[in-house]
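The tour goes from one selection to the next.

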Amino acid sequence: MSDVLRVHGGRPLHGRIKVRGAKNFVPKAMVAALLGNGPSVLRNVPLIRDVDVVSNLLRLHGVKVDFDHEAGTLTMDPTNVESGQVSEIDALAGSSRIPILLCGPLLHRLGEAFIPDLGGCNIGGRPIDFHLNSLRAFGATIEKLSSGIRITAPNGLVGTQIELPYPSVGATEQTLLAAVNARGLTELRGAAVEPEIMDLVSVLQKMGAIISVDTDRTIRIEGVDELYGYRHTALSDRIEAASWASAALATKGDIFVAGAHQPDMTTFLNVYRKIGGAFDVFDDGIRFWHPGGDLKAIMMETNVHPGLMTDWQQPLVVALTQAHGLSIVHETVYENRFGFTEALRKMGTNIQLYRECLGSLQCRFAQKNYEHSAVIFGPTPLHGADIVIPDLRGGFSHLIAALAAEGTSTVSGVDTISRGYEHFKQKLRQLHADFEEID
Ligand code: EPZ
């Protein structure tokens with residue numbers, strides 16, 4: 001598979017594509033399967049690299065995993081869970097952040113877990129202190145080794161009270177996965193409540209867990225002794241759907257995204273409409289298109305759910321380079337998520353980065369040395385360039401820019417996109433994009 005695309009841009013993308021289960025949910029549901037006393041079945045699973053990585057991690061721990069790619073059905077049997085070889089777990093390090101979420105289930109099943117140094121996109125420091133503090137609160141002992149972290153809990157985990165300093169998605173999932181089998185009650189305050197987390201709560205409830213979610217970001221979990229296998233259909237990938245929607249806007253195109261689910265995309269759809277994009281919601285998906293006329297500059301600020309997702313920011317920025325006037329984007333979730341704009345500048349955009357909080361919120365990054373606000377002066381014609389993909393969402397945004405730009409671009413490192421976008425080259429062809437793979 002070629003890692004470099006030569007893209008001939010300036011043509012509207014049009015046609016129909018389908019998105020399947022969410023990249024930021026499916027691996028977590030796969031980890032939950034470890035907690036069952038029998039097999040679990042997950043449907044609507046996309047063929048993306050993160051699913052491969054987690055399948056291999058589960059296999060390393062003795063789980064039998066079968067994946068019917070065509071049907072998108074994953075069957076996981078954890079009956080014979082065992083400790084993985086440290087060297088083998090380590091070989092998977094660097095490619096995913098999911099290993100940290102195996103801690104709770106492995107502590108319940110085996111009394112110990114080993115976590116290699118974590119990978120994932122380079123979009124900020126991405127520490128794991130909330131995760132480790134949560135595990136400590138349940139009674140686990142953490143030992144730092146040169147190759148990673150060893151966590152033990154020979155006497156089991158005990159329910160506890162945890163308050164997250166920030167509504168972290170991963171730390172909320174960590175706490176849920178540890179609490180469901182812990183002895184007694186756990187109260188988690190300051191939890192993240194993203195739709196992907198609510199879908200994980202649904203999975204755990206199907207397995208026999210007792211979980212209640214309050215409107216004030218408090219989640220209460222009553223630990224139970226035994227959990228069962230589950231059958232579940234993954235919620236749709238709202239980041240992928242928004243990425244294709246942004247591509248429709250930036251290329252003046254018209255894309256029907258089958259599987260896009262309006263209730264999980266309300267905030268995105270509001271922004272899309274304010275910029276001047278059009279959409280129509282159907283039972284089986286959403287049609288997104290550029291209705292002609294000028295796109296409008298806006299002010300937008302990322303935030304935890306129900307705010308505007310940070311993962312929507314990068315594709316939307318490409319569309320905003322084509323809007324009339326001055327747009328302001330304040331990134332409040334990650335301190336370093338504007339690295340991708342460097343390549344956009346090479347393609348002719350006028351984007352300036354600022355350390356100040358250019359929004360209504362003073363965020364955690366105020367008075368710190370992070371360029372986390374952007375001002376975009378538009379519209380600027382985009383022209384082809386040679387670009388190297390920096391991370392998953394930034395990478396897809398580069399691809400959108402190359403498709404919108406006049407002339408030819410060489411986009412290197414597209415393999416990264418396969419981490420989270422199923423069959424993206426095939427989908428580009430379905431949308432009549434003009435590109436070729438080069439060696
Ligand atoms: C998840 O990452 C997603 N990844 C990210 O998607 C997404 O951007 C993010 O949630 C926010 O929605 C997966 O689900 C695999 P966090 P996660 O913990 O869980 C800080 C994509 O492109 N923090 O909510 O790792 C952290 O540095 C990816 O699909 C700590 O300080 O994100 C960040 O500033 C990228 N200490 C903020 O919290 C911790 O221990 C939110 O991170 C944990 C997090």
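**Aromatic pairs**

This is a predicted model. Counting rings of Phe, Tyr and Trp whose centres lie within 6.5 Å gives 8 aromatic pairs.

Select phenylalanine 268 and tryptophan 312. Their ring centres are 5.4 Å apart and their planes meet at 55°, so this pair is tilted. Phenylalanine 268 belongs to helix 9 (residues 266-275) and tryptophan 312 to helix 10 (residues 310-320), so the pair ties together parts 44 residues apart in sequence. Are these two residues buried or exposed? Phenylalanine 268 is buried, with a relative accessible area of 0%. Tryptophan 312 is buried as well, at 1%.

Next, select phenylalanine 396 and tyrosine 421. Here the ring centres are 4.3 Å apart and the planes are at 10°, so the pair is stacked. Phenylalanine 396 is in helix 12 (residues 392-404), while tyrosine 421 is in the loop between strand 23 (408-412) and helix 13 (424-430), so the pair ties together parts that are 25 residues apart in sequence. Both phenylalanine 396 and tyrosine 421 are buried.

**Charges over rings**

Select arginine 287 and tryptophan 289. The charged end of arginine 287 sits over the ring of tryptophan 289, 3.7 Å from the ring centre. Then move to tyrosine 166, where arginine 364 lies over the face of the ring, 3.6 Å from its centre.

**Helix 6 and helix 7**

Select residues 169-179, which form helix 6, and residues 195-206, which form helix 7. The two helices pack at an angle of about 10°, and their axes are 11 Å apart. Angles under 35 degrees count as roughly parallel, so helix 6 is roughly parallel to helix 7.

Which residues of helix 6 and helix 7 make the contact? Helix 6 contributes Val169, Thr172, Glu173, Leu176 and Leu177, and helix 7 contributes Ile197, Leu200, Val201 and Leu204. By class, the contact has 7 nonpolar, 1 polar and 1 charged residues. When you look along a helix, remember that an α-helix has 3.6 residues a turn, so residues three or four places apart point the same way.

**Helix 4**

Finally, select residues 103-110, which are helix 4. Its buried residues are Cys103, Gly104, Pro105, Leu106 and Leu107. The buried residues of helix 4 pack against helix 1 (26-32), strand 6 (112-116), helix 5 (129-137), strand 8 (148-152) and helix 6. Glycine 111 follows helix 4 and has a positive phi, near 85°.

Key: Residues numbered from 1 in each chain as written. Predicted model: local features only at pLDDT ≥ 70, side-chain atom pairs only at ≥ 80, totals over all residues. Heavy atoms only, no water. Axes fitted to C-alpha atoms, helices over the stretch in contact; angles between N-to-C directions. Helix = DSSP H or I, 4+ residues; strand = E, 2+ residues; numbered from the N terminus. Parallel < 35°, antiparallel > 145°, perpendicular 65-115°, else oblique. Contact = heavy atoms within 4.5 Å. Nonpolar A, V, L, I, M, F, W, Y, C, P; charged D, E, K, R; others polar. Buried < 20%, exposed > 50% of the residue type's maximum accessible area, 1.4 Å probe, protein only. Phe/Tyr/Trp six-rings, centres within 6.5 Å; stacked < 30°, edge-to-face > 60°. Lys NZ or Arg CZ within 6 Å of the ring centre and 35° of its normal.
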